[in-house]
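Subject: Handover of a structure

Hello,

I am passing on the structure below, followed by notes on what was found in it. Please read the notes with the structure open beside them.

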Number of protein chains: 2
Amino acid sequence: MPVMTLPAAIDQVAGQFVAAGVSEANARSVARALVAAEADGLKGHGLSRVPTYLAMVRSGKIDGRAEPRAERPKPAVIAIDALDGFAYPAIDLAIDELPTAARQQGIAIAPIRNSNHCGAAGLHVEKLAELGLVAILFANTPGAMAPWGGSKPVFGTNPIAFAAPLPGRAPVVIDMALSKVARGPIIVARQKGEPIPEGWALDVDGKPTTDAAKAMAGTMVPLGDAKGATLAMMVEILSAALVGAHFAYEASSFLDGEGGSPKTGQLILAIDPGAMGGSWFGARMTALAEAIESQPGARLPGVRRLALRSKAAASGIEVPQA
Amino acid sequence: MPVMTLPAAIDQVAGQFVAAGVSEANARSVARALVAAEADGLKGHGLSRVPTYLAMVRSGKIDGRAEPRAERPKPAVIAIDALDGFAYPAIDLAIDELPTAARQQGIAIAPIRNSNHCGAAGLHVEKLAELGLVAILFANTPGAMAPWGGSKPVFGTNPIAFAAPLPGRAPVVIDMALSKVARGPIIVARQKGEPIPEGWALDVDGKPTTDAAKAMAGTMVPLGDAKGATLAMMVEILSAALVGAHFAYEASSFLDGEGGSPKTGQLILAIDPGAMGGSWFGARMTALAEAIESQPGARLPGVRRLALRSKAAASGIEVPQA
């Protein structure tokens, strides 16, 4: 695979989407997001998505020419309709509009409906933290996890992403799916005909299984078991019920061109830390980072990601041929 | 122990706090919160707290006469200083002020600093959901969990509570500490000289232990291990760094009269579901509840709690003698 600088990679990837009929602006938004995830080593949300995104564009499952629309029903709300397009242009719009609203009101919220796969969620909130805001993103994904005690998927793996500015350093970024493990290792185990560890997944009857094929037909185990299932319900309510999106169990796959738009949702919160009654935030963040980093073996989340990002900026990334 | 109606129990408990020098208004706020938790079967946040709260009042660790103060630095922010008093009067103030602000702005936020133990966090957000709002509460607590890979407590067990209205029914309420298990069972095991299951706690060197005494001297394991530790960090940033509270590792105990005010923090968010760009929320909540409840073995969170509440309202609760 040829190695390219990040700007060249963005051009190359955007070109593939434009060739498939995606508008220039949307193609660049998608390409920037995928290349940024790839540069951070988040390959599951990086260039590996190009073929499936193209399949969704070609089948009409994603409207590559949709222009997301923002309304302002209340002073602190940027309500965005992604109009069955890619998630990234809708999220870019939220990131453009949220800072001013958050600084005016103290907090602002952007519900995004009729959306799609939002990729590496941490990268979105990180942009808001780079502007001095504390940000949270909740998103739902197609059905993957059952309510605790049940057997049918109602919730997605439903990521929570969080970012906060840290004086003089890159923001603290937290980004986690609410399943115990990602689906990727289970797919690999099935391909190799190998078992998976107990505790990762349940079969169609809601029973623990170590059979990767049965796991794929069943559901993923939430992180922290029952507590994680309740957290997934919270995210489902915030990112779908509140914003007017499909629930996980109604959403079509992010991974193929079959069916209509997934119409999943995202909810982004942006908080101005200078509007909370005092000016303590920066000093407090520095103190917390020190309390963590002074312990042998402990570190801030995202350290590995930032190291990979520096390497990619200096040396480029491998980009598959179109 | 005598059985009392809930109003009589509130009178009895409030009387004990007034006798210890707590203002009438604060005493009733605290008594209402403890009796409500007791009625819901949440005994760790119920009347079992009366002796330790009284110890904190008598030593001056809690200022029983503090009147929490609210400022409005921005239209969507109710910044509250609990002034080293009980958390409950400060939270009552937030619950009084948040609904109007949330309906005007679409979302509103109440940071609470110089606070204390907030008890059954789900009961606070439930009140906002009863008024038609979606609400989230983040709180920190005295040090209990280490950053992943570390051995010294930096984070509390840091509860997340969430509530959302459900048409024609009690709100959906989610309330969880971020430790894998509560500290209560470990205290009991130590008293009995019994071992605890592996995976609950770490010793002072950050190594897994089944020795309850070593666990008490060490740290609690977060739910979902590394992911839970990062969630606890997120809650620490939201409920302490942002609001200007002590971090978990700086906070004195909630359980005795030793030391100064814990000065922990809470952050409450209230969202108007009618301000998100459409009027779909109620119907979507009903659909989600049905998707969960139609599965054998699955249920909405809080069902047991509501049953206990009905029983307590009808039959009263046991109240220890002063």
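To begin in the sheet of chain A, A:Ala164 stands opposite A:Val172 in S7(A). The model is predicted, and local features need pLDDT of at least 70, side-chain atom pairs count only at pLDDT 80 or more, and totals for chains, interfaces and linings use all residues. Residues are numbered from 1 along each chain as its sequence is written, chains are lettered from A and ligands numbered from 1 in the order in which they are written, and side-chain values use heavy atoms, with hydrogens and water left out.

Strands of chain A

Two strands pair if DSSP finds at least two bridges between them; strands (E, at least two residues) and helices (H or I, at least four residues) are DSSP runs, numbered from the N terminus. The hairpin of S6(A) and S7(A) has two residues between the strands, and A:Gly168 takes a positive phi there, near 75 degrees.

S6(A) also pairs with strand S5 (residues 134–139) of chain A, again antiparallel, over four bridges. In that pairing A:Leu137 stands opposite A:Ala161.

How many of the residues of strand S6 of chain A are buried? Seven of its seven residues (160–166) are, where buried means under 20% relative accessible area, exposed over 50% and partly exposed in between (1.4 Å probe, protein chains only). In a regular strand the side chains alternate between the two faces of the sheet. Both faces of S6(A) are covered: A:Ile160, A:Phe162, A:Ala164 and A:Leu166 are buried on one side, and A:Ala161, A:Ala163 and A:Pro165 on the other.

Helix H5 of chain A

Helix H5 (residues 121–130) of chain A has eight of its ten residues buried, so it is largely enclosed by the rest of the structure. Among the buried residues are A:Leu123, A:His124, A:Val125 and A:Glu126. After H5(A) comes A:Gly132, with a positive phi near 95 degrees.

Aromatic pairs

Over all chains, the structure holds ten aromatic pairs. Rings of Phe, Tyr and Trp (its six-membered ring) pair if their centres lie within 6.5 Å; planes under 30 degrees apart count as stacked, over 60 as edge-to-face and the rest as tilted. A:Phe17 and A:Tyr53 form a tilted pair, 6.4 Å centre to centre with 50 degrees between the planes. This pair links distant parts of the chain, with A:Phe17 in helix H1 (residues 6–19) of chain A and A:Tyr53 in helix H3 (residues 50–59) of chain A, 36 residues apart. A:Phe17 and A:Tyr53 are both buried.

A:Phe17 pairs with A:Phe86 as well, edge-to-face, at 5.7 Å centre to centre and 85 degrees between the planes. Here the partners are 69 residues apart, and A:Phe86 lies in the loop between strand S3 (79–81) and helix H4 (87–105) of chain A. A:Phe17 counts as buried because its relative accessibility is 0%, and A:Phe86 is buried with a relative accessible area of 5%. Ring pairs link A:Phe17, A:Tyr53, A:Phe86 and A:Tyr88 into a cluster.

Strands of chain B

Strands S6 (residues 160–166) and S7 (residues 169–176) of chain B pair in the antiparallel sense over six bridges. B:Leu166 has B:Arg169 in S7(B) as its bridge partner.

Chain B also has an open sheet of three strands, in the order S9-S8-S10, with antiparallel pairing. Strand S9 (208–209) and strand S10 (219–220) of chain B stand at the edges, each with a single partner strand, so one side of each is left without a neighbour in the sheet. Two bridges join strand S8 (residues 201–202) of chain B to S9(B), and B:Ala201 stands opposite B:Thr209.

The two chains together

How is chain A superposed on chain B? A rotation of 180 degrees with 0.0 Å of shift along its axis does it, with RMSD 0.0 Å, by least squares on the C-alpha atoms of residues with pLDDT of at least 70 in both copies. That is the relation of a two-fold axis. In chain A, the C-alpha nearest the axis belongs to A:Gly224, 2.1 Å from it.

The contact (heavy atoms within 4.5 Å) takes 74 residues from chain A and 74 residues from chain B. Between them the chains bury about 6000 Å², 74% of it on carbon and sulfur atoms; this is the accessible area (1.4 Å probe) that two parts lose on being put together, summed over both. Two salt bridges are counted between chain A and chain B, each a side-chain nitrogen of Lys or Arg within 4 Å of a carboxyl oxygen of Asp or Glu. One of them joins B:Arg284 to A:Glu250, with the closest N and O atoms 2.7 Å apart.

Regards
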